[in-house]
Amino acid sequence: MPKVTIDGKEIEVPAGMNLIEAAKLAGASVPHYCYHPKLSIAGNCRICLVEIEKQPKLQIACNTKVAEGMVVRTTGPKVEEGRQSVLEFILVNHPIDCPVCDQAGECKLQQYYMQLDRKPSRMEEEKVQKDKAVKLGPNVMLDMERCILCSRCIRFCQEVAHQDELCFTQRGDHTELTTYPGRELKNPYSVNTVDICPVGALTSVDFRFKQRVWFLKTADTVCPGCSTGCNVRLWHNKGAAYRLTPRENEAVNQVWMCDEGRLTYKPVNAENRLRHPVVKRDGRNGKMRRDLAVAELKRSLEGVSGNAILGIGSAQFTNEANQAFLGFLKDILGVKDFVYHANEVANPSHDVFLISADKNPNRAGVEALGFKPLAEDRRYQVFFALGPLPFSKIQKIAFEKNRKVILLTTHEVPEIEYADFVFPTAAWAEDEGTYTNRQNRVQNIAPAFPPPGESLRVGQWMEEFDKAWRPALKGMTA
Ligand code: SF4
Ligand code: SF4
Ligand code: FES
């Protein structure tokens, strides 16, 4: 491995590494716009200038590889002056509309201006004006004036999504980003271009103008959209989720996620979230206090044998939720038979990169716990399930007269009308625990905020049930 000296620090770095990455290893940071570690090198923004001993001119760090004995300075008057000139050049035609720009607060142009320059503009000429709100595709908007022509988005489409959708047209300061004639930016990963755009030129149709980013808090979690389990960051404020962005995990999703997965936060905010237990009495559903509903459930299951109950886990819930459910039903109610239901989608999207046809985040986990796939079975009187018991043959049987249905679920879906007991549970964004993805990797999910109303996590409901049943059990054994 070659030895290089960066800002006076001698380090060994892998051969072939560029100076931006080598500087990181030496604890230094080199500003960059066009460079992205997962894309080819374009070398067009020129902000990454560094000084290399024995070389008369400043060099761009992104396109310079380490060499034995190289001595590099990432700071100093010459480097700073060079970068300031580049920044001034980039800003010549930039509209500086930060107050109304969605990228404000996470914009590299703002960040480097504050770090490197902080001087007023010397521009006296009129700036070149371009279109401000161009819809490139269903999920991405372009502000042409803000584009610094770094080409990251173009390279992403070509090299990661493998779709030639974006290109530059015109010349000089009239150069514009656009889609090829007759094409749209609509590959299944298109919103990653918004993440990697270093400025506010590309914004997400879903997220733009919803929140200022400095009001948002984050929770590091896992996308529930499919069995890939992309590592994501959930951005939220005051109990509402606003967006998902990918987190780096080289072994799962590298640094990307799909557009479909980005929208999985929406049901968490939905109006039809369940907030109270619902209990059927005299054929009518009504809200009931948590403790009363638990007591009512206990009364209704008195004398029911465990053999008459079918436990239905869910590939949509965490390992911990399924485990707690299994434990209570087995140990306290004496249930012997357990199956699981999964979200089965007709013609599911899928590809060879990230998107899995299995739209369940935890099928591998629930199977490892011993739940069997759901099958038609008429032997049971009571159907005790995690989730809404979606359309399936078992649903028809469960909703027959004289059978009892108990659900722990998140939303007021039509099926709950047929249920005898419904207990509101935490949705994925409010839950903690693990999912096991299709590679059998067990990954943590973290709660962003508490669940609404009287909702509890499945494990907490099982504790409530346990507390209600235990005294009676003690009485029986005394
Ligand atoms: S839109 Fe953004 S990512 Fe694309 S070229 Fe312009 S500045 Fe770069
Ligand atoms: S590929 Fe699957 S896990 Fe990854 S973001 Fe898309 S839906 Fe979510
Ligand atoms: S980051 Fe090196 S030239 Fe753009």
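Modeller: Start with a definition: two strands count as paired if DSSP finds at least two bridges between them. Keep in mind that this is a predicted model.

Colleague: OK. How many bridges join β12 to β13, and do they run parallel or antiparallel?

Modeller: Strand β12, residues 231–237, is joined to β13 by 6 bridges, and the two run antiparallel. Within that pairing, W235 stands opposite R243 of β13.

Colleague: What does K238 do in that hairpin?

Modeller: K238 takes a positive phi near 50° in the hairpin of β12 and β13, which has 2 residues between the strands.

Colleague: Switching to the 8-stranded sheet. What is the strand order?

Modeller: The order is β15-β14-β21-β20-β19-β16-β17-β18, in an open sheet with mixed pairing. β15 (284–287) and β18 (372–373) are at the edges with a single partner strand each, so each has one side without a neighbour in the sheet.

Colleague: Which helix packs on it, touching β14?

Modeller: Helix α8, residues 290–301, packs on the sheet and touches β14 (278–281), β19 (382–386), β20 (404–409) and β21. The direction of α8 makes about 145° with that of β21.

Colleague: And how does β18 pair with β17, parallel or antiparallel?

Modeller: Strand β17, residues 337–341, pairs with β18 in the parallel sense, over 2 bridges. V339 stands opposite K372 in β18.

Colleague: Where does α9 lie?

Modeller: Helix α9 lies across β16 (309–314), β17 and β19, and runs at about 155° to β19.

Colleague: What span should α9 have, going by its residue count?

Modeller: Helix α9 has 13 residues, 319–331, which at 1.5 Å a residue should span 18 Å. The end C-alpha atoms of α9 are 18 Å apart, so the two agree.

Colleague: Which residues of α9 are buried?

Modeller: N319, A321, N322, F325, L326, F328 and L329 are buried in α9. As background, an α-helix has 3.6 residues a turn, so residues three or four places apart point the same way.

Colleague: Now the charges. How many salt bridges are there in the whole structure?

Modeller: The search finds 30 salt bridges. One links the side chains of D117 and K119, at 3.2 Å from N to O. D117 is buried at 14% relative accessibility, while K119 is partly exposed at 44%.

Colleague: What about E302, what does it bridge to?

Modeller: E302 forms a salt bridge with K298, with 3.8 Å between the closest N and O atoms. E302 is exposed, at 52% relative accessible area, whereas K298 is buried at 18%.

Colleague: Where do R457 and D431 lie?

Modeller: R457 lies in the loop between β23 (442–445) and α12 (458–477), and D431 in the loop between β21 (421–424) and β22 (433–436), so the pair ties together parts 26 residues apart in sequence. Their side chains meet in a salt bridge at 3.7 Å, N to O. D431 is buried, with a relative accessible area of 6%.

Colleague: Which residues are linked in a network?

Modeller: D97, K132, D143, E145 and R146 are linked in a network of salt bridges.

Colleague: Last one: is A23 buried or exposed?

Modeller: A23 is buried, with a relative accessible area of 1%. A23 lies in helix α1, residues 19–25, and touches I6, A28, V30 and T74, leaving aside residues up to four places away in sequence.

Technical notes. Residues are numbered from 1 along each chain as its sequence is written. Chains are lettered from A and ligands numbered from 1 in the order in which they are written. This is a predicted model: local features need pLDDT of at least 70, side-chain atom pairs count only at pLDDT 80 or more; totals for chains, interfaces and linings use all residues. Side-chain values use heavy atoms; hydrogens and water are left out. A salt bridge is a side-chain nitrogen of Lys or Arg within 4 Å of a carboxyl oxygen of Asp or Glu. Buried means under 20% relative accessible area, exposed over 50%, partly exposed in between (1.4 Å probe, protein chains only). Helices (H or I, at least four residues) and strands (E, at least two) are DSSP runs, numbered from the N terminus. Contact means heavy atoms within 4.5 Å. The expected span of a helix is 1.5 Å times one less than its number of residues. Axes are lines fitted to C-alpha atoms, for helices over the stretch in contact, and angles run from 0 to 180 degrees between N-to-C directions.
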